[in-house]
Each structure stands twice: as C-alpha cells, then as structure tokens.
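Me: I am new to this structure and would like to learn how to read its features. Could we take them one at a time?

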Amino acid sequence: MMTATPHVVRSAAPGKVILLGEHAVVYGRAALAASIDRYVEVTVTRAGGSACPAAVAVGAVGATGPVPIQALRRAAELTGVNPAELETAVSANLPVGVGLGSSAALSVALVRALAEFAGQALADSAVCARAFELEKIFHGFPSGIDNTVVTYCCLIAFRRGSAVRPLVAGRPVPLVVALGGAPRETQKTVRGLRQRWEIRPELYEPLFDEIDCLVSAAESAIGTGDLQRLGALMNANHALLQRLGVSTGELDEMVALARASGALGAKLTGGGGGGAVICLCHGDRERLVEAFTRAGWHAFSTDIAGQDRGIDAADDAGRFERRDGARA
C-alpha cells in the first residue's frame, strides 16, 4: 500500500568489520562479519524544499557531501524514483576508504531513504539485493558480504551461494579498530592475489582451506564466549593473510603494537593493501587506543554483540553468484 510521500527522509546504516575470512570468502570459503556503531546517513529532500537536511555528527575521519551521481541514478532506477525530484546529502562518522564498509553503508542507507521517499516498504532482503547492485558501481565485483552485514546489522556467517546465518555471541566481543595512514591499494591487492592464484592455484587453495577452518573454529569460540581462543584464531588468520600477500608493513606493525599492548588477537580487516586492523581486547581498551594514538594512528573502540535475529529468506538476497574478480 502506497503512503504519502514525506518531504524529508533520513536513513542511516552502519559500517562493518570482517572478523575472519576476508579474501578466502571470494574463493568460496566462509567469513564472519559484524556491523559496528559508526554510520553513514543519507538525507533525501524534495527538490526545491525549504527543509535543511540534518546529519549525524561528522567526525574527523568521517565525510560529508552529496551522494555520488552514478550511485544516486542507479538507486533511483531500482526504487522507481525520478532523481530530478530529489536533493540528497550524505554525512558520516564512519571512516571512509579503510575497509569498514562505507560504500555498503551508503548503498543501504540510500536505498532505504529513496524507498521511504517513494512510499515503499521494502523487506530487508530487497534492500540487500538493491544495495548489492550499488556495490557493483563502487567495487565492480563485490562478494556481497558487506551489503549483507550492513543491511541486517548483526553478526553473520557468510558463504557465497549459501543462505546467510545470523550468529549468537556467548558474550560481547570487545574490539579496538585502528586506521592505517598509508594510502590503501585494495584493488591492486585483490588483483594481485587473483593473478597469483590463477598461476598457482595449488599453492593458494590450501591457504584458503586453512582460513575456512579458522572461521569455523572462530564461530564456535564466539558462540561459547571464548575470547582467548578467538584471539588466537585471529592471529592465525592474519598470518595466513600475510602469506597470501595482502597485508602491508604498516598493517603488520599495527598488529604487532596491538599484541604487545595486551590485545588477545589482532589482524587486518577487509581487503588489505592498507586500511584498518581489528584488535580483540579483554580489559582496558583505552590503553590500546592511547598506544595507537602515540604511534600516530587513529583508533576507536566498538563492541560486537551477536543476537539471534531472523533474516528474511523469502528470496535469494542472501545469495550472490560467483564472479571472477570479486572483492573481499
């Protein structure tokens, strides 16, 4: 049933971290991911309106400005809205371009805002499928994990071609997220791994299998609340990512600092080639945040609290076809 078109609509979506399994997920293995409490907000106003779009507080590492034109046009097409009728704005306190799902957050928030503007009530599965189409604009061949975890705002196990599974955490998973300062070269990193895999699949497939085993063990550790075990698995995952050639000297230095400062585990998160690391901490996280600050890196705390929430499986929104070149 269509409802009256609102004059101003705002929608926010969270960022995400991949706890374990990045890159291997592109090659058919599982990954664990969760939303975090940093957001991108999209405001949609009827063109010519007098309302002043409000926005979430924009942090020093956030961004503000218009929605990218190509993404807006595609989102408008997917929701049946005439983009000429709209004025849009985007703001964020989510760090952009460091592997924390900023493009997926923008995609999800934009789809939901435009759908509400048009008086449509979209199920989460429909939002996820449309956001995946927008992710193709940003990344070419996304794996689907980012828009999925951002849409459902929970802790999930994800394997391409399989239904998404929400997870229940035995206890909150306390993290520190630290942001690298070097330029991120994820596309180059992903392409490089793809080329190496095509030349020597017999070398890389066993590494992907090892990561898959770590993901399975980590799912169990999260379920029982065994943070010590989870931290050890994160450390092992980072070592395998180093062997895959997707880490950098800076990311390795950040991981070493975290472990030396008491983190139970630390690893890069996302596509690598720069970006961010996640650190599992049990106790005083501010000490680690301060250690990163003294070393010249920005860091913040966040908690992962998996809950048993339903995922709409009415269609195949939780399934994404395998395509060469997909990103972690």
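Me: Which residue of β10 does P174 stand opposite?

Reply: Strands, like helices, are DSSP runs numbered from the N terminus, with at least two residues (E) for a strand and at least four (H or I) for a helix, and two strands pair if DSSP finds at least two bridges between them. In this predicted model, local features need pLDDT of at least 70 and side-chain atom pairs count only at pLDDT 80 or more, while totals for chains, interfaces and linings use all residues. Residues are numbered from 1 along each chain as its sequence is written, and side-chain values use heavy atoms, with hydrogens and water left out. Here P174 stands opposite D303 in β10, and β7 pairs with β10 (residues 298-304) in the antiparallel sense over seven bridges.

Me: How many bridges join β7 to β9?

Reply: Five bridges join β7 to β9 (residues 276-280), and the two run antiparallel; A178 stands opposite V277 in β9.

Me: Why is β7 said to be largely enclosed by the rest of the structure?

Reply: Buried means under 20% relative accessible area, exposed means over 50%, and partly exposed lies in between (1.4 Å probe, protein chains only). Strand β7 (residues 173-179) is largely enclosed because seven of its seven residues are buried, with V173, L175, V177 and L179 on one side and P174, V176 and A178 on the other.

Me: What is the phi of H23, and where is this residue found?

Reply: Most residues other than glycine have a negative phi. The phi of H23, however, is positive, near 70°, and H23 is found in the loop between β1 (8-20) and β2 (31-46), where H23 is buried at a relative accessible area of 2%.
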